[in-house]
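Thanks for coming. I have one structure to go through today, so let me put it on the screen.

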Amino acid sequence: MTTPSLSPPTLPARGNLACIGLGMTLGSHLTPLARNHIEQADVVFAALAHGATEKWLQRMHPDVRSLQPYYGEGKSRQKTYREWVELMLAEVRAGKRVCGVFYGHPCIFAWSPRNAVRIARAEGYDAYMEPGISAEDCLYADLCIDPGQYGCQHFEASQLLFYERRIDPSGYLVLWQVAMVGDWSLTRFETGPAYRQVLVDVLAQDYPLDHEVIVYRAATLPIEQPRIRRVALRDLPATRLTGEDTVVVPPAHALKPNLAIRQRLEALDKHAAFT
Amino acid sequence: MSDTLDLLEAIGGNAALRHASAEELAKTLAEAGASDALLAAVTAGDNAKLAEELGLRPMQVNHDSHTGGHEDDDETPDHGDGGEEPSQPSPPAQGGPSHS
């Protein structure tokens, strides 16, 4: 089957914005539509996770501007993310077709693309968000987890500490950004074992300390395999973690039947059978 | 010598190569004229030479602040239709962690 060649409509020059996901693995995950957004853009901004993918992106467009230099040790990430938004929007306002390229999925754990798209639309510009294969997608595939089987909760790890949240230990629990858990300042990229011990203490209210948890990292280069480590919950503080690692806590309890609701549904079924 | 990024893209898009064993992949890459750095990364998992060859630098991978923490804004959750500031929870008034 061949793809027919179609000429896009000729539109008046006006800035627009597309934030796209590059996926997780170089060469494996970029969708045709996302790639075309890159190729049609006047300027491309990149917030990726690996230098090789940034180099790869530079092969697709002559004007790729890395957003990495805006991070700084001791600099609040709040400031960095606002700068990213302003950089993209300044080019949109200048009439450029702008593509923001983010690793994984541009809506997931990425503040700037959501807000850049929102602001661009509010200012009357066309703005698009194109999904990419996320770390979550890879996690399900590599660990053979179906989030529908027992249910699956996702939390940013620090949020689980800063707020009173309800964990359901009969489903999966996925914790993101555990390496920097407990960082109030938004200036650190890793905290440490003492902070992870606080997380373990919170989790221990719902899970036994010998419960096996999975430390997962998706493959970034296609010559790599996903990194999957299994450790007891009590050993999580001493386990080396980086920003790429995600912690998966499998169910600790069987699903508990809701007998009252089952009886109510049976009564409805009987009623329906006689009507 | 073949271009390393071209080879990586080819591997990423080829089902047989993406899931080949390290030995099989190294053999194919050696025949294709891959660099020593790429071969070392495949056979020994040593990405240092690859980073040197491609001129790579370490990158930050966290592109979000803590989700939640909206009490600093207007106590409304993010429904995607309103203004949203990067969220930073209010620290406790006392006894909380240091904010150096």
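How many residues of chain A are in contact with chain B, and how many of chain B with chain A? On the chain A side there are 41, and on the chain B side 32. Before I go on, please keep in mind that this is a predicted model.

Let me stay with the chain A side of that contact. Four helices each supply at least two residues to it: helix 2, residues 51–60, helix 3, residues 77–93, helix 4, residues 111–122, and helix 7, residues 157–162. Helix 2 of chain A gives the most, with five residues. By class, the side of chain A that touches chain B has 21 nonpolar residues, 14 polar and six charged.

Now one helix pair across the two chains. Helix 2 of chain A packs with helix 1 of chain B, residues 4–12, at an angle of about 100 degrees, and the axes are 10 Å apart. Angles of 65 to 115 degrees count as roughly perpendicular, so helix 2 of chain A is roughly perpendicular to helix 1 of chain B. From helix 2 of chain A, the contact is made by Ala52(A), Lys55(A), Trp56(A) and Arg59(A). From helix 1 of chain B come Leu5(B), Leu8(B) and Glu9(B). That contact divides into four nonpolar residues, three charged and no polar.

What does the rest of chain B look like in terms of secondary structure? It comes to five helices and zero strands. Of the 100 residues in chain B, 23% are buried. Taking contacts in chain B between residues at least 6 apart in sequence, 19% join residues at least 24 apart.

Back to chain A, and to a sheet. Five strands form an open sheet in the order 6-7-10-8-9, with mixed pairing. Strand 6, residues 152–156, and strand 9, residues 227–232, are the edge strands of chain A, each pairing on one side only. On average, neighbouring strands of this sheet are turned by 20 degrees against each other, direction ignored. Strand 6 and strand 7 of chain A, the latter covering residues 172–176, run parallel and are joined by five bridges. His154(A) stands opposite Val174(A) in strand 7 of chain A. Helix 5 of chain A, residues 135–143, lies across strands 8, 9 and 10 of chain A, and runs at about 50 degrees to strand 10.

Next, helix 8 of chain A, residues 193–203. Which of its residues are buried? They are Tyr195(A), Arg196(A), Leu199(A) and Leu203(A). Seen down the axis of helix 8 of chain A, these buried residues fall within an arc of 95 degrees, so they line one face of the helix. They pack against helix 7 and strand 10 of chain A. The face turned away from the buried side of helix 8 of chain A carries the exposed residues Ala194(A) and Asp201(A).

Last, two backbone points. Most residues other than glycine have a negative phi. Phe109(A), however, has a positive phi, near 50 degrees. Phe109(A) is in the loop between strand 4 and helix 4 of chain A. It counts as buried, with 21 C-beta neighbours inside 10 Å. Gln177(A) also has a positive phi, of about 60 degrees, and is found in the loop between strand 7 and helix 8 of chain A. Is Gln177(A) buried or exposed? Gln177(A) counts as buried because it has 25 C-beta neighbours inside 10 Å.

Terms used. Residues numbered from 1 in each chain as written. Chains lettered and ligands numbered in written order. Predicted model: local features only at pLDDT ≥ 70, side-chain atom pairs only at ≥ 80, totals over all residues. Contact = placed C-beta atoms within 7 Å. Nonpolar A, V, L, I, M, F, W, Y, C, P; charged D, E, K, R; others polar. Pairing = 2+ DSSP bridges. Axes fitted to C-alpha atoms, helices over the stretch in contact; angles between N-to-C directions. Parallel < 35°, antiparallel > 145°, perpendicular 65-115°, else oblique. Buried ≥ 20, exposed ≤ 12 C-beta atoms within 10 Å, placed from the backbone. Arc of directions from axis to C-beta.
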